[in-house]
Amino acid sequence: MNKEYFKQNEDNCYEKLLMLQDKLPIDNIGRTPEKYHYDASGTTTLSGKTYEFAIELKDRFNYSLESFNKFGSIMIEAHKLSQLLLELIINNRIPFYINFTSDGYAIIYNVRKLKKYPTLRKFNNIQSKGYERRESGDRFMLDLHDAMIIKL
């Protein structure tokens with residue numbers, strides 16, 4: 001396992017998230033502990049009520065916004081989507097899935113506001129740079145129309 005690869009990706013994503021902070025409805029953003037099931041958390045208070053957020057981050061350094069526009073969707077690992085939804089159901093945390101593109105965009109999903117049901121794709125033999133092995137797993141495709149897109 002390449003721990004440095006994971007750490008560098010997490011650091012890069014967190015820095016990009018902080019660049020977005022003034023464009024998101026989240027006031028207090030912080031990192032979650034290492035090996036936690038999502039990357040960042042946050043809170044905001046509106047009209048005296050505090051809302052909590054669970055934020056999963058993904059750096060798509062090999063993909064531009066144009067490439068995602070061609071696909072019409074973005075991939076999320078099935079277990080990541082499940083974990084975000086469990087945060088909503090059990091802990092009432094608003095789940096965000098944020099992807100950063102190679103050309104400086106953030107593609108942001110508020111998972112609780114998805115309008116189109118994600119389609120399931122089965123993958124075999126995806127090369128993992130972090131785990132340094134080939135792996136298989138299920139991925140869901142989130143429709144790009146359900147996302148907010150922001151230039152960093």
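## Nonpolar cores

A nonpolar core is taken here as a set of buried Ala, Val, Leu, Ile, Met, Phe, Trp, Tyr and Cys residues joined through side-chain atoms within 4.5 Å, where buried means under 20% relative accessible area, exposed over 50% and partly exposed in between, with a 1.4 Å probe and protein chains only. This is a predicted model, in which local features need pLDDT of at least 70 and side-chain atom pairs count only at pLDDT 80 or more, while totals for chains, interfaces and linings use all residues. Residues are numbered from 1 along each chain as its sequence is written, and side-chain values use heavy atoms, with hydrogens and water left out.

The largest nonpolar core has 18 residues, of which Leu 17, Ile 55, Phe 96 and Ile 98 touch the most other members. At least two residues of this core come from each of α1 (3-20), β3 (49-60), β5 (93-101) and β6 (105-110), helices (H or I, at least four residues) and strands (E, at least two) being DSSP runs numbered from the N terminus. A second, separate core of 17 residues includes Phe 68, Tyr 109, Leu 142 and Ala 147.

Contact means heavy atoms within 4.5 Å; leaving aside neighbours within four places in sequence, Ile 55 is in contact with Leu 17, Phe 96 and Ile 98, and also with Ile 26, Tyr 38, Asp 39, Ala 40 and Ser 41.

Glu 87 is found in helix α3 (residues 78-91) and is buried, with a relative accessible area of 5%. Its side chain makes polar contacts (pairs of N or O atoms within 3.5 Å; within protein, one must be able to donate a hydrogen and the other to accept it, and residues adjacent in sequence count only if both atoms are side-chain atoms) with the side chain of His 37 at 2.7 Å and with that of Arg 93 at 2.6 Å. Not counting residues up to four places away in sequence, Glu 87 touches Tyr 38, Ala 54 and Asn 92 as well as His 37 and Arg 93.

Ala 78 also lies in helix α3 and is buried, with a relative accessible area of 18%. Leaving aside neighbours within four places in sequence, Ala 78 is in contact with Asp 138, Arg 139 and Phe 140, whereas the C-alpha atoms of Ala 78 and Phe 6, 72 residues apart along the chain, are separated by 19 Å.
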